[in-house]
Amino acid sequence: MKKWIFLIVIVGMLGYAVYTTVLKEKDTAREEEKQLETVNKPVTNTAEAGDAKGDPNKVGLAIGNIAPDFELKTMDGETKKLSDFRGEPTMLNFWATWCPPCQAEMPDMEKFYKDTQMPIVSVNLTKSERSMDSVKEFIKDYKLTFPIMLDEKLDASKKYAIQPIPTTYILDKDGRIHAKRIGPMNYDYMVAQYEELK
Amino acid sequence: MGAGWSIEELLLRGSMVITVVSLVFGLVFFRLFTPFPTLEETKAREDDLFTITLSLIITVWLGKILTKFILFIKNPQAVLAYPADKYVLYTALLMTGIYIVWQFKRKGDSRPWPDVLLSGLMVIIMGQFLYGFLSMILALQPSKVIYLGFYAVLLVGLVLFRMKIPRVYLAFSLLSTWALVHFVLGFFWTGSLFQFYVGPVFWGIVLIIGVIGMTFEKRRSISH
C-alpha cells in the first residue's frame with residue numbers, strides 16, 4: 001500500500017512541476033507579446049516585494065517582475081541607469097568592502113566577468129563605507145575591472161530592500177528578475193545562471 | 001543592513017535548508033523502502049551513511065580552506081562564508097575516499113560496500129528529486145523539469161524493483177545510469193548535484209566507476 005501511495009505522490013509532484021513549467025512558458029510567450037508596450041510604459045519605480053512568481057508587467061522584486069530602475073554615479077563620475085543595460089542579461093550585485101562574504105565572492109565575480117563579459121552592475125553601499133579610499137583600495141586589491149556604481153545615499157539599496165549583503169539579482173535581457181541570491185555566489189552558480197539566460 | 005553571514009542570512013539562504021530537508025527525506029525514503037531483509041542491516045547501513053556524511057561535512061570545510069588558502073590566511077571569515085563550489089566537492093570526495101580506504105585497510109573492514117553504495121544512492125536520489133522540486137517551486141534555483149522527470153523514473157524503478165534485482169547489480173546499474181544520464185543531459189541543460197554544479201568529467205568518472213564495479217561483480221559471480 002505504502003508503495004502505491006509513494007508512487008502517486010512522486011507522479012503528482014512531477015505533474016505539478018511540469019504544469020508550472022508549461023504555465024511559465026505560456027507567461028513568457030505572453031510577456032514577449034506585451035514587451036514593447038511594457039517597456040514604453042512610464043516606470044513608477046516603487047518596488048514591492050511580491051510573491052514568489054511575480055507579475056511580468058509589474059515593477060517589483062519578485063522573480064519575473066521588472067527590476068526597479070535607478071540611476072547612480074560610477075567610480076569614473078559617469079551617471080548610469082540600470083535600464084541602460086537592457087538588451088542583454090545582467091548581474092546586479094549589492095556589496096560593501098567591510099562584508100566578508102562580499103570579499104569571498106569578488107574574485108569569482110571578476111573571473112566570471114572576464115570569462116563571459118556578461119554586464120555586471122556592481123552597486124557599492126557607499127554610505128556604509130568608512131571612506132571612498134577603502135572602496136578604491138578594495139577595487140585595487142581585488143583587481144576588479146567591471147564598473148562599480150556608488151550608492152551614496154543608499155537610494156538603490158532601499159529600492160531593492162537590501163538587508164543582508166551581498167545580494168544579487170540576475171536580470172534577463174528585458175530587465176526582468178530571473179533569479180535572486182542572498183549571500184555570496186561562487187563561480188559555478190554565476191556560470192549556471194549565465195547559461196540559463198544565454 | 002548586515003553582512004551575509006548573519007543568522008538571518010543563513011535562514012534566507014534557502015539552498016542549504018532545502019539540502020538538509022531533502023537529505024532527511026532521503027533517509028526516510030531509505031527506511032521506508034529498504035532493500036535489506038532485516039532491520040539490523042538497514043540500521044547498519046544508516047550508521048555507515050552517517051559516518052560518510054559526517055566525513056563529507058568536515059572535508060567540505062577543509063576543502064573550502066584548501067581551495068581558497070591565501071584568502072583564508074588574509075580573512076578566514078570570508079572563506080567560511082564562501083559557498084562551496086565543485087572543486088571543494090571534488091576535494092571533499094577525494095579526502096573522504098582516502099579516509100574510507102584507510103579505515104578499510106586499518107580495521108580489515110568487511111562491510112558490504114555495494115550495499116553501502118546502494119543505500120547512499122537511495123538517499124541521494126530521493127534527496128535530489130525533492131531538492132529539484134522545492135527549488136523549482138520556491139524559485140530559489142532554476143531547476144530543469146527533465147532532471148526531475150529522470151529522478152522520478154529512478155525512484156519509481158527503485159520502489160518497484162529493489163527486491164527483484166540482486167542488490168549488487170542494482171547498486172552499480174543505478175550508479176551507471178545516474179551518471180550516464182547526467183553526463184548526456186549536461187551537454188544540453190545545466191544540471192547540479194544539490195547546489196554543486198559538477199561538470200561532465202565528474203559524471204564521466206562516476207560512470208567509469210559504475211561500469212568497472214558492475215564488470216568486476218559479474219566476473220566474481222562467474223568465477224564463484
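Trainee: What is the mean pLDDT of chain B, and what share of its residues reach 70 or more?

Mentor: This is a predicted model. The mean pLDDT of chain B is 87. Of its residues, 89% reach 70 or more.

Trainee: Which elements of chain B have the lowest and the highest mean pLDDT?

Mentor: Helix 1 of chain B has the lowest, 48. Helix 9 of chain B, residues 167-185, has the highest, 95. Over residues 3-8 of chain B the pLDDT is below 50. Beyond near neighbours in sequence, that stretch still has 22 contacts in the model. Where pLDDT is low, the predicted coordinates should not be read in detail.

Trainee: Why is Glu152(A) called partly exposed?

Mentor: Count its C-beta neighbours inside 10 Å: there are 15. Buried needs 20 or more, and exposed needs 12 or fewer. The count of 15 lies in between, so Glu152(A) is partly exposed.

Trainee: Where is Glu152(A) found, and what is it in contact with beyond four places in sequence?

Mentor: Glu152(A) sits in the loop between strand 5 and helix 4 of chain A. Its contacts there are Thr126(A) and Lys127(A). In each pair the C-beta atoms lie within 7 Å, so the pair counts as a contact.

Trainee: How many residues of chain B are in contact with chain A?

Mentor: 34 residues of chain B are in contact with 38 residues of chain A. Helix 8 of chain B gives the largest share of chain B's side, seven residues.

Trainee: What makes up that side by class?

Mentor: It has 22 nonpolar, seven polar and five charged residues.

Notes:
Residues numbered from 1 in each chain as written. Chains lettered and ligands numbered in written order. Predicted model: local features only at pLDDT ≥ 70, side-chain atom pairs only at ≥ 80, totals over all residues. Contact = placed C-beta atoms within 7 Å. Helix = DSSP H or I, 4+ residues; strand = E, 2+ residues; numbered from the N terminus. Nonpolar A, V, L, I, M, F, W, Y, C, P; charged D, E, K, R; others polar. pLDDT = per-residue confidence, 0-100.
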